[in-house]
Amino acid sequence: MKIISFLSHYRHGADILERIKTTKLGIVFVGNGIYHVGVSENGKPSPLLDKKDVSFYALIDDIETRGFKIEGIDKRVKPVSYEDLVDLIFNEYEKVIWL
Amino acid sequence: MKKKIAFVIKSLPYNRETSRLGLTHAIASQSVDVYLDEGDMIEPVVCFIGDGVLNCLKDQQCMKHYNNTSMETHIKNALLVDLQVYICKEDIERFGLTKDDIVTDAQEIGADKIAEIVPFDKIQGIMEEVDHLQFF
Amino acid sequence: MGKLTIGTFASLVGSYAMDFAVKLSEAAINKGHEVDLWLSGNATMLSKKGQKSFQDYSYHLKTIEGLSSTGRFNIATCDACSEARGYHKDDTISCCKRNTMDWYLASCFTADRVLMIGGD
């Protein structure tokens, strides 16, 4: 199962991603999900980014909206535009969920 | 052609419309035929996972206090129209609940269908099998 | 080209989730895809006539009308969700249909991809 999941919250939603088994998983940080890629807590980046075999993306509009620089976000995360998201949804993944 | 859609309910009830809309969209599959070609059909499957299993508690009295249909009654209505309903066993146990605490049938309104309490692996299988997956 | 069905019940104002739904729709249309946008719950307000653009309030009316003019964008709003909010049929923008939830399910049936965007 190839899933692309939009994560729009910072404090919740990620637990579901720990449970679902996938053959291919993409996580797109949008909305306040952006804080996963923009801040560290107690000097540590979000543990979600340690998840193996996942492609991480973050919406450029929402990165910049929250005061972060594209070049400053975690290097494991690819900044993407809405146009990129359309391509990911149609070409790379089969199911799309919003958390 | 048949297409399966899973409505995965992970949200708590009442503070927001989220879980209720999940269930009412699933129930709407009963009248979708008017929009489809002959022979086409949608098979909805409703799954409660995570905090969402708390939608399934018995004895909800939302009608008494807010004059709104409770999630318990919405689940019974789903069973009445023969929707498949699955409730995650591990999440029920996590809250210290048993089958007796959870609405699994609606015999009093004439429903034959039973909501099944199943391991998450079963729900995983459903999510893999369906054509579209929606989280509420 | 494919068809994307987006369902949402996010608020028009106060939730950037609705902005996301509209911008994703626009990007998909610009790439040549078809989009159906289904509004239920608080999202129904997106389709109400008479919206005015104010600073700091999300406003998508012009975008929605532009997308509809492509012929590849369908927008429908939940009739019951709208009526419950005192928003009646004659108050609906001309490019938006009013339907029951089964319209959305039928749209999912013919969609290549479906995204349900939750509430706030």
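**Talking through a predicted model**

Trainee: Where is the place of A:Asn42 in chain A?

Mentor: Keep in mind that this is a predicted model. Look past helix 2 (35-38) of chain A, but stop before you reach strand 3 (54-59). A:Asn42 sits in the loop between helix 2 and strand 3 of chain A.

Trainee: Why is helix 3 of chain B largely enclosed by the rest of the structure?

Mentor: Start with its buried residues, among them B:Met71, B:Ile75 and B:Leu79. What covers the buried residues includes helix 1 (18-27), strand 2 (41-48) and strand 3 (84-88) of chain B. Helix 3 is largely enclosed because, of its ten residues, the number buried is seven.

Trainee: Which element of chain B gives the largest share of the side that touches chain C?

Mentor: In that contact, 20 residues of chain B meet 16 residues of chain C. The elements of chain B giving two or more residues to this side are strand 1 (2-9), helix 1 and strand 5 (132-135). The largest share, four residues, comes from helix 1 of chain B.

Trainee: How many residues on that side of chain B are nonpolar?

Mentor: Sort the residues of chain B that touch chain C into kinds. Seven are polar and four are charged, while the nonpolar ones number nine.

Methods
Residues numbered from 1 in each chain as written. Chains lettered and ligands numbered in written order. Predicted model: local features only at pLDDT ≥ 70, side-chain atom pairs only at ≥ 80, totals over all residues. Buried ≥ 20, exposed ≤ 12 C-beta atoms within 10 Å, placed from the backbone. Contact = placed C-beta atoms within 7 Å. Nonpolar A, V, L, I, M, F, W, Y, C, P; charged D, E, K, R; others polar.
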